[in-house]
Amino acid sequence: MRLWRFTCFSLLLLFFQSSFSELTGGSELNIAVEKGTSIHINTSAPAGINTQCQVCISQVCQSSVVLKSDTRLNFSCSQPENVFIVQIIRDKPNVIPDIEPKKHHAFQKFNRTFTWNLMPSARATINLSFSKTGLRQIQPTDGCPDKHVYMLTAENVTVGRFCRNGTIRQVDVRKVGKLSLEVSGGQPLDMKAIGVLQGSAMDSLVKIHVVLPERSSTQDFFTPNTFPGNTQTIWYFKVPQTYYTDVRVLSHTVPTCLQPERIPTMKYIWPGKNSLVKPLNGSQPMVETGDFYLYIKNCNMSRSRPPSQGLMVHFQISAITRTKGECIGHLPENQTLQIRVMKRNPKSACVLKLDSVIMDTVTIASGNQYDLDIFDCNKEELEWTVNQTIECKEWRNCASTPFPITFEYELQCIPGVLKTITWHLHGPPNSAVELQSPTGGLQHCPPEDKHYSSILLNVAHVNTGINVGQFCPKGTIEKIQIRESSIAVTASVTSLGGQNLAAKPFLTYLFTQDISEHYIFTVAPKKDNPTVLATPVWPSGMKPSSTVSWIVNIEPQLESKLKFRNVSQPKCKGGHTNIAVRTIPSQTVVYTTKKDENINEILIPGSFYLNMTNCKSSTVPFRAMMEITLQNNTDKFSDKLLGIILSIVGIVLIILTAVVIWIVLRKKKRNKAPPLSVYNPNQHAFLPGLHGFPKTQEEEEDPHTYAYIDDTLVYSHLLQHDAENEQCTDESGPPLPVRSVREGKSLVTKGSALVDNELYGYQGQSTTSGSAKSPIKTSEEGAYETRLCVLRTRGLDGI
């Protein structure tokens, strides 16, 4: 009976236990609570929403409980982890060293928050060491991969939320602080010990110690949420050697300050250096070496209704190794130079630092010392611009010959491309500037036209900034004269692979006396390519009442076809614009206009002037673009050809006349020659051994051989008395007929017998035939006897 009763009681107890378990939804939990610790079990449902799941202690069920001692409890639902959250709070008066939380396995399925209230002694600070785990700061709404999120509060101000495995090694909190760790449900607690120490008093709300790793890294940091007014936060960054740090502000909000001049700023301090203060919306320090402090202090905020936004700063710290270049020097004062080095892309990793200040554009002026650091910059990332001033205030100091415009100073330690050079030329008062190109002239390169030159030249007035024109090298413009004592010449490279501007001079300048026109261009067009000319200030119009002239020099045998491609004729309030063309040097007016009319092509022989004058006031700009094409001058070519033909005809006539005269004179000379008279006492034409070979008839005709000698001229001095002459004449024989030599024969070519016969008058056969000679005297014998008689009469026969 007793056995039966015991068995029934046991079964009834088991029934009630089973019924209670089904009622509560789970088994009973035994919770151990440490001294100084309280466990809060609260529903995660929003306030006002009634949930059917409750926590029960000693059959008393309610929506939340606080456990301060060991307790046995259970829940009225099967999955209470979806309804309740567990918060384990421990107070640490006088800061007990090290924080090592108890894991509480009974709550592993629940979302848990471990909180340590840190209460140091008066005016002391709490130093939390995270050297074993390290922390990194995250956005207020972000989570951590390992489901462990740390939260830090100082004086009821949330300093921030953090994840493990970061660069934050220590956090110092002023006065009362609180450290919390949120662990997601189902995740086992994984927390290493956190060292806790008391430190000396400090003015800042919190101080965060950061140790940057010895590798390239980027870390994000945030100011505390609901940053109180007139409160300061400090970050200390320990930077490894050979690493450079960059600071960037990614976003920020600024409250309304009672004192606007106290607007929050970022203050940097490097040990051994001067402090640096930067506004939140300004550029921050970059490429800095060594450890440094960063201070951010809020202002006294206005208590307006509704309240203004608070102070929030999200900034980033990067630490990387860099390639450093250094350029230290002094720019001579007499160079009158200004050199600018700028980054082509402000967002590139290239960094320029002049005298420890980061700049996107660095300016170095004459007479200044400079210390320029260059980090991770290559040649293509930097551009140079140079400004040089050339002054000549008095004529005695000005060069009398064209002087080259060059850039001689070199900064070899700075990489980059020399993009532009501007020379500011200042001459004496009322002077003009003359520009020439020693490398082959210039040509107009209008901005709207495509051009393939690697260098562009812009000429402008310094005082007004008005651009005279844009030019390229290698053209037909030989000289530019400007009636202005101060002009600026800018040379720019159109491509990175273009010509080096400092390679050689491509312009010369000369200050001259004032000129009659505002602008004078000397042009020498070429026949191969058309020459394009444009009015000054193109594509804008010329200044009112301004004048321009082009002196166009071409070869005499060519003529110019002047075509006006684009002319904008204004309607002047008084007077008209004027376009005139005159030849050189005759000054003949080829074309002129003072009316609003269309200008056709003009054909101009030889060199010419082209003059243009703007009116005093116009409603639209006066501008013109012209094109000059050279061609052969047909009139001059015909004249030249006719002159050549007439010259040739004249020369031929002169030659023919000379030949005719020579022939006539020669013929007359031959007709005047008398019969040949020869005296040969030996009766032989020639003797062997005394003469050479007989000469031909042609060789005999020597102009120096006398064909006839008048005896009276030779012996006239012997004939002093007429009586003697008459006596000798009487003694002479009768006159004999004169016989001429047969045609085609010469005396010197005949035999000796035949010669004797002809000289002495023998007739008949020759001596070889044995015939007797006839004693007939020739005229030559008579003359001989006469001469002999005269000699005897004078007693000179013995001579």
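Leaving aside neighbours within four places in sequence, leucine 425 is in contact (heavy atoms within 4.5 Å) with ten residues named here: Ile390, Ile405, Val433, Leu435, Ser485, Ser486, Ile487, Val489, Tyr509 and Phe511. The model is predicted, so local features need pLDDT of at least 70 and side-chain atom pairs count only at pLDDT 80 or more, while totals for chains, interfaces and linings use all residues. Residues are numbered from 1 along each chain as its sequence is written, and side-chain values use heavy atoms, with hydrogens and water left out.

Leu425 belongs to the largest nonpolar core, which has 71 residues. Such a core is a set of buried Ala, Val, Leu, Ile, Met, Phe, Trp, Tyr and Cys residues joined through side-chain atoms within 4.5 Å. Buried means under 20% relative accessible area, with exposed over 50% and partly exposed in between (1.4 Å probe, protein chains only). Leu425, Trp550, Leu610 and Met612 touch the most other members of this core. Another core, of 65 residues, lies apart from it and includes Val65, Cys77, Leu189 and Phe315.

Across the chain, the secondary structure comes to seven helices and 48 strands. Helices (H or I, at least four residues) and strands (E, at least two) are DSSP runs, numbered from the N terminus. Of the 799 residues in the chain, 39% are buried. Among contacts with a separation of 6 or more, 78% are between residues 24 or more positions apart.

Two strands pair if DSSP finds at least two bridges between them. S17 is joined to strand S23 (residues 312–320) by six bridges, and the two run antiparallel. Phenylalanine 221 stands opposite phenylalanine 315 in S23, and Phe315 is also one of the members of the 65-residue core.

Strand S6 (residues 71–75) is largely enclosed by the rest of the structure, because four of its five residues are buried. Strand S1 (residues 29–31) runs antiparallel to S6 and is joined to S6 by three bridges; leucine 29 has leucine 73 as its bridge partner. Strand S3 (residues 55–57) also pairs with S6 in the antiparallel sense, over two bridges, and there valine 55 has phenylalanine 75 as its partner.
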